[in-house]
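Open the model in your viewer and keep the selection tool at hand. The tour goes stop by stop.

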Amino acid sequence: MCELLGMSANVPTDICFSFKGLKERGGRTGPHKDGWGVAFYQNKGVCTFKDALPSYQSEIARLVSDYPIKSTAVIAHVRQANRGRVALENTHPFTRELWGRYWTYAHNGQLSGYQALPVQRFQPVGTTDSERAFCFLLSKLAERYPDKSPGPKAAFRYISRLLPQLQQLGVFNMLLTDGEYLLAFCSTKLHWLTRRAPFGVARLSDVDVDIDFSKETTPNDVVTIIATEPLTNNEQWQKMQSGEAQLFRFGEPARL
């Protein structure tokens with residue numbers, strides 16, 4: 001299996017602290033040694049870093065964990081390969097354009113019979129079940145609304161109705177964002193927490209690092225972190241239920 005990390009924030013925020021914890025799980029404290037990636041949204045643009053090396057050994061990952069790239073939406077992933085060889089084209093997250101916006105996605109799990117998922121406009125580049133499922137979702141979305149976007153909430157609502165179909169094929173934990181909204185879907189394991197004032201100290205579980213967010217934030221900041229397993233050991237994470245979908249917008253939970 002793999003591990004996911006997502007962030008939704010109401011102001012441009014760096015994810016250095018959380019990524020430091022995830023990076024260690026990419027081959028040191030966890031078995032996810034088959035590549036990693038992270039995508040940062042900056043307005044309508046997406047800055048993506050990927051590497052087929054284990055993240056804890058990757059100089060690119062070290063740069064990302066130390067360089068404060070500010071973003072309001074982030075998706076990151078460390079991979080343990082089960083479908084598709086270890087290669088850059090098979091590393092998550094995956095990004096495609098639809099309606100003049102970039103959509104970015106990452107998946108944790110393993111699907112059977114995924115080759116039969118119909119894809120039209122969007123075609124996989126690599127050979128993973130994950131990318132095929134992403135192309136299926138976007139193809140269905142473009143087929144449902146062929147002329148123009150129905151609006152982001154309607155689009156995510158439609159996608160959420162497709163996710164149980166993918167869950168029936170196996171384990172399907174997923175993060176998907178268009179840069180404004182971020183959708184999390186839990187098949188077996190996914191957690192989230194929202195940080196807001198009054199901010200306190202957070203301590204990572206995988207490496208001896210802590211941070212006092214009261215010194216790094218303003219009273220108006222709202223930041224939600226989504227992760228496969230809680231990244232900190234002194235905060236209250238919310239565990240999602242199997243089959244649960246949760247939408248976030250600029251750090252706040254939103255209704256589907």
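**Stop 1**

Elements here are DSSP runs, helices being H or I with at least four residues and strands E with at least two, numbered from the N terminus. Two strands pair if DSSP finds at least two bridges between them. Cysteine 186 stands opposite glutamate 244 in E14.

Before moving on, note that this is a predicted model: local features need pLDDT of at least 70, side-chain atom pairs count only at pLDDT 80 or more, and totals for chains, interfaces and linings use all residues. Residues are numbered from 1 along each chain as its sequence is written, and side-chain values use heavy atoms, with hydrogens and water left out.

E7 and E8 pair in the antiparallel sense over four bridges. Leucine 175 faces alanine 184 of E8 as its opposite residue. Three residues lie between the strands of this hairpin, and glycine 179 takes a positive phi near 95°.

**Stop 2: both faces of E8**

Colour E8 by accessibility. Buried means under 20% relative accessible area, exposed over 50%, and partly exposed in between (1.4 Å probe, protein chains only). Six of the six residues of E8 are buried, so the strand is largely enclosed by the rest of the structure. Tyr181, Leu183 and Phe185 are buried on one side, and Leu182, Ala184 and Cys186 on the other. In a regular strand the side chains alternate between the two faces of the sheet.

Zoom to tyrosine 181, in strand E8. Its relative accessible area is 7%, so tyrosine 181 is buried. Contact means heavy atoms within 4.5 Å. Not counting residues up to four places away in sequence, tyrosine 181 touches Pro152, Lys153, Phe156, Leu176, Leu247, Phe248, Arg249 and Ala254.

**Stop 3: the whole sheet**

Select all six strands. They form an open sheet in the order E5-E6-E7-E8-E14-E15, with antiparallel pairing. Strand E5 (94-98) and strand E15 (252-254) stand at the edges with a single partner strand each, so one side of each is left without a neighbour in the sheet. From one strand to the next, the twist averages 25°. Angles run from 0 to 180 degrees between N-to-C directions, and axes are lines fitted to C-alpha atoms, for helices over the stretch in contact.

At the E15 end, three bridges join E15 to strand E14 (residues 244-249). Phenylalanine 248 has proline 253 as its bridge partner in E15.

**Stop 4: two helices on the sheet**

Show helix H3 (residues 129-144). H3 lies across E5, strand E6 (101-108) and strand E7 (173-177), at about 15° to E5. Next, show helix H4 (residues 152-167), which packs on the sheet and touches E6, E7, strand E8 (181-186) and E14. The direction of H4 makes about 20° with that of E8.

Leaving aside neighbours within four places in sequence, its contacts are Arg96, Val119, Phe122, Gln123 and Pro124. Cysteine 135 and arginine 96 are 39 residues apart in sequence but 8.6 Å apart in space, C-alpha to C-alpha.
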